[in-house]
Amino acid sequence: MTAQTDRAGTPKLNFRHKLADRGIDPLLVLLLPAVLLLGALFVYPMFYGVSISMDPLNGGGPFANYVNFFTDPFQSSTIWKTLGLALPAALINVGASVPIAMQMRRKFRGKRLLTAVLVLPVSLGTVLVADGLLRYFSPTGWFNQVLMGLGLVDEPVRLIYNYAGVLFSLIITGFPFAFLLTLSYLSGIDPTLERAAATLGATKWQRTKYIVMPLLAPGLAMTFCLTFVLAFGVFPSANLVGEPTGSTRVLSIAAYQAAFEQYDFSLASAIAVIMGVVEMVIIGAVLILRSRFYEGSTAGGKG
């Protein structure tokens, strides 16, 4: 079968060959539908929201919403309140998932049942978890009733309708994701690396410190980013078990109030943009730190 030629006798190249000559994998064309779908569902709404935020309801220029937000202490403080909840929740979830996931690498009876119990909050959802906290930790809940019955406290301990209640909710709902991700990263580390170190006299602590943790660190960074994003958008917990007009008035609540109480969708869009920027700053900082960790193969080689 002869190749097609032009009038000068030069063989014609089809579209696939032209892409290959430019160093582009022709199979990347198959990603075009996904890229178009991503643009329709994410990129366009994002730019549309940015354009709305630059059209203030009361005028004052394209950046009036942002200026008003950052010059109003009541509004700008929501950034620190949100970070004050999302960062500790992500750190606690990631930190707690590591030792538990390491123990789950061993074989023991009831391992599957324990794993199912640990990931059970995923199926409950934020609202049900908040409802459980209200029932258990309310002034008339069983927790306070037990403490008062034992004479440990004279009055109920306040664990809901404040910062602590929202933090508990974020930990309960976010831990299963951190645990599953950490467990998957640990499963990718070849156990023969630790056994080889053990034959050289390394203790369990030394193997964990110098082998497991350096290999696990890049995965933990990604786990932190995902759990942070999950906690950063806290809304139901901050409303149900928090103090939405005080210590737990987070960015999502500020955006909701601007949109559906003040009917200022321009300001709500500006707050949403600020939320995205703050998230990207934190994630960018974590990814920069991640690049300093080992990112090679975690599989053991033949000796």
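Helices (H or I, at least four residues) and strands (E, at least two) are taken here as DSSP runs, numbered from the N terminus. The model is predicted, so local features need pLDDT of at least 70 and side-chain atom pairs count only at pLDDT 80 or more, while totals for chains, interfaces and linings use all residues. Residues are numbered from 1 along each chain as its sequence is written, and side-chain values use heavy atoms, with hydrogens and water left out.

**View 1. The whole protein chain.** The secondary structure of the protein chain comes to 13 helices and zero strands. Of its 303 residues, 34% are buried, where buried means under 20% relative accessible area, exposed means over 50%, and partly exposed lies in between (1.4 Å probe, protein chains only). Among contacts (heavy atoms within 4.5 Å) with a separation of 6 or more, 69% join residues 24 or more positions apart. The protein chain exposes about 18,700 Å², and carbon and sulfur atoms supply 68% of that area, as computed by the Shrake-Rupley method with a 1.4 Å probe, for which, in the case of residues, only the protein chains shown count as cover.

**View 2. A nonpolar surface patch that includes V43.** V43 is found in helix α2, which spans residues 32–53, and is partly exposed at a relative accessible area of 32%. Together with L37, L38, L41, F42, M46 and F47, V43 forms a nonpolar patch on the surface with about 710 Å² of accessible area. Patches are made of residues with over 30% relative accessible area and no salt bridge, like charges being joined within 9 Å and nonpolar side chains (Val, Leu, Ile, Met, Phe, Trp, Tyr) within 5 Å.

**View 3. Salt bridges.** The structure holds two salt bridges, each defined as a side-chain nitrogen of Lys or Arg within 4 Å of a carboxyl oxygen of Asp or Glu. In one of them E194 pairs with R105, the closest N and O atoms being 3.1 Å apart. This pair links distant parts of the chain, 89 residues apart, with E194 in helix α9 (residues 191–199) and R105 in the loop between α4 (73–104) and α5 (111–118). E194 is buried at 16% relative accessible area, whereas R105 is partly exposed at 26%. R135 forms a salt bridge with D131, with 3.0 Å between the closest N and O atoms, and both residues lie in helix α6 (residues 121–137), four residues apart, about one turn of the helix.

View 4. Rings of Phe, Tyr and Trp (its six-membered ring) pair if their centres lie within 6.5 Å, and planes under 30 degrees apart count as stacked, over 60 as edge-to-face and the rest as tilted. By this rule the count comes to 12 aromatic pairs. The rings of F137 and F143 have centres 5.2 Å apart and planes at 75°, so this pair is edge-to-face. F137 is buried at 18% relative accessibility, while F143 is partly exposed at 25%. Y136, F137, W142, F143 and F168 form one aromatic cluster.

**View 5. Two tyrosines with positive phi.** Most residues other than glycine have a negative phi. Y161, in the loop between α7 (142–149) and α8 (163–187), has a positive phi of about 60° and is partly exposed at 41% relative accessible area. Y263, in the loop between α12 (251–260) and α13 (265–290), has a positive phi of about 55° and is exposed at 58%.
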